[in-house]
Amino acid sequence: MTLSTPRYSGELLSADQAAARLGVRKATLYAYVSRGLLTAVADPGHTRESRYPVWEVDRLRQGSRASRRAAPPLPGTLFDGLPLLDTALTGVVEGDIVVRGRSLVPWARQVSLEQAAAVLWNVRAEAAFSGPAPLLPEAWYRTAEGLQDADPASRAVALWGLAMPHLNGGVHLQGDELAAALGQHLRVFVGCWLAQAPDVAPLHLQVAHAWRVHEAGHDAVRLALVLCADVMTNLMGLSARMIASVQGSLAACLLASLTYGFARLSGGEFEAVEALFDELEDTGSLAQVAASYRARGETLPGIHHQLFPHGDPRAAALVQTAAELGSNAADWLANAADGSPLHPTLDFGLVALRRALKVPRQAPLMLAHLPRAAGTLAQALEQRAQGRRMWVQARYVGPVPARAVSR
C-alpha cells in the first residue's frame, strides 16, 4: 500500500483535521486511538488537545473497512518503517528535529558537544567531563601512531577494540559514577576516530586542531558535531539497544555502532555527493548538472530525504554555515532549473561544510559518525532503564520436510 505521506515525516493533524481527512466523526477518531490504530500525540501548546501523525491517518484512510475493525498486522515491522519502540530522546515533529523537548538547530547553535551529550544522557555535564583525560595502554598509543594514514572507520574500530577492556561501562554504574564513565567513553571514542590520545580539551577543538581548521571555522565544527550527535532511533541506535538489552557494556554498544561507518546507506553517500560538487564547481549550474544526471537515468545524490519531505533542518543549517565560509552550495540550490525546491540531505550539508573548511575528504564521514557516540550511549541508557530484553522472532517460510502421514 502506498502512503501519501512518508512515515516519520513528523507532520501532525488536529483532531478536526484528522477526522475530516478520514471522513469520520471525532468520536470514531478517538475509538481508533483506543483500539491502537492511531497514535495520539500530546500538543504542548494546548494541554487538553492531541494531534495525530498524518501517515497513520493516511494508512487508515486507504485501508478497507475490515482493516479498520482490527489493528493492522505488522509482518515486516523492521522493513516497513513502522514504529518499533518508544523513545524520549530524539524525534521528528512536524519536520523539526526535537531533542528532549528542544528544537535541535537553534539549540545546536548555543551548546558544545559535551553539553549536548549531558542532555542526551540526562546527567550533569560537570560530572561527565570534569575528570582527567582517560589513560590507555601503551599498545593503544603505538597503534594510533601507526594508523595515522589509515581509513578513519577502520582505525576507529581497531583502536576501540584495544581501548574497550580499559573502560568501565557496566550495568551497575549509577549517578555521577555513570556520568564520569560516559564522558570517558566519548573522549576515548573521539580519540579513536582521530587516532590521537584522549584529551580534556573541548571536543570540537580537538577535531578542528586535528584537521588544522582556521579559527574562523571552529564554531562551524562545533555546530556540525552537535547536529550529528544523535540521529534518532535508526538501525544504529537499535543495534546499541539490542546489546544493552542483554546487559552489554557501554563500550560494546558503541562497538556495534562503529560497523555503520562502513555502510553506504548510513552516511556512505559522501563520495557521490563529492562527485556532484566537482561537477557543480566545473559548470556552476545545478540545472545543467541535474539534466546530465537525468540523461544517465540517475538521481541527484544528496538531494531529498524521505524522512524530511520539506527538508532536513540539519542540512539547511550546515549549508547556511558553509555559505558564511564562502561556499556556493546555497546559491546552487536556490537556482534550481524549474523553480521547485531542492532540499539537501545531511550528506550534502556535511560535504558543503567540508569543502568550505578545506579539511580532509574523510571529514564528512567522521563528522557524521564521531559525535554519534553521544546519541548511541543515550539509546543504550534508555534501553537499560526499560529493563527489558529484546527478542527477534522470525517466521519460517521455507520448504517443509516430508513427513509420514499418520493413519
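Is E94 buried, partly exposed or exposed? With a relative accessible area of 41%, E94 is partly exposed (buried means under 20% relative accessible area, exposed over 50%, and partly exposed in between, with a 1.4 Å probe and protein chains only). The structure around this residue is a predicted model, in which local features need pLDDT of at least 70 and side-chain atom pairs count only at pLDDT 80 or more, while totals for chains, interfaces and linings use all residues. Residues are numbered from 1 along each chain as its sequence is written, and side-chain values use heavy atoms, with hydrogens and water left out.

A view of the whole chain comes next. The chain holds 22 helices and six strands, where helices (H or I, at least four residues) and strands (E, at least two) are DSSP runs numbered from the N terminus. Of the 407 residues in the chain, 48% are buried. Among contacts with a separation of 6 or more, 72% join residues 24 or more positions apart; contact here means heavy atoms within 4.5 Å.

Confidence is given by pLDDT, the predictor's confidence in each residue, from 0 to 100. The chain has a mean pLDDT of 86, and 88% of its residues reach 70 or more. Over residues 64-74, however, pLDDT stays under 50, and the model has 17 contacts beyond four places in sequence for this stretch. Where pLDDT is low, the predicted coordinates should not be read in detail.

E94 itself sits in the loop between strand 4 (90-93) and strand 5 (96-99). Its phi is positive, about 50 degrees, although E94 is not a glycine. G95 is found in the loop between strand 4 and strand 5 as well, and counts as partly exposed at 23% relative accessibility. Although G95 and L12 are 83 residues apart along the chain, their C-alpha atoms are separated by 9.5 Å. Positive phi values are also found elsewhere. K358, in the loop between helix 20 (346-357) and helix 21 (363-369), has a phi near 60 degrees and is a residue other than glycine. K358 counts as exposed, at 71% relative accessibility. N122, which follows helix 7, has a positive phi near 60 degrees.

Helix 7 (residues 113-121) is largely enclosed by the rest of the structure, because eight of its nine residues are buried. These buried residues are L113, E114, A116, A117, A118, V119, L120 and W121.

In helix 17 (residues 286-295), the buried residues include L286, V289, A290 and Y293. They lie on the same side of helix 17, because they cover an arc of only 100 degrees around the axis, the arc being that of the directions from the helix axis to the C-beta atoms. The buried residues of helix 17 pack against helix 16 (270-283) and helix 19 (329-334).

Attention can now turn to a pair of helices. Two packed helices are described by the angle between their axes and the distance between the axes. Helix 11 (residues 175-194) and helix 15 (residues 250-258) pack at an angle of about 35 degrees, and their axes are 11 Å apart. Axes are lines fitted to C-alpha atoms, for helices over the stretch in contact, and angles run from 0 to 180 degrees between N-to-C directions. On the helix 11 side, L178, L182, H185, F189 and W193 take part, meeting L250, A251, L254, S257 and L258 of helix 15. By class, this contact has eight nonpolar, two polar and no charged residues (Ala, Val, Leu, Ile, Met, Phe, Trp, Tyr, Cys and Pro count as nonpolar, Asp, Glu, Lys and Arg as charged, and the others, Gly among them, as polar). S257, a residue of helix 15, is buried, with a relative accessible area of 4%. Leaving aside residues up to four places away in sequence, S257 touches F189, M236 and T376.

Two further loop residues complete the picture. H310 lies in the loop between helix 17 and helix 18 (313-324) and is exposed, with a relative accessible area of 59%. Not counting residues up to four places away in sequence, H310 touches E11 and H343. N328 belongs to the loop between helix 18 and helix 19 and is partly exposed, with a relative accessible area of 41%. From C-alpha to C-alpha, N328 and A356 are 9.0 Å apart in space, and they are 28 residues apart in sequence.
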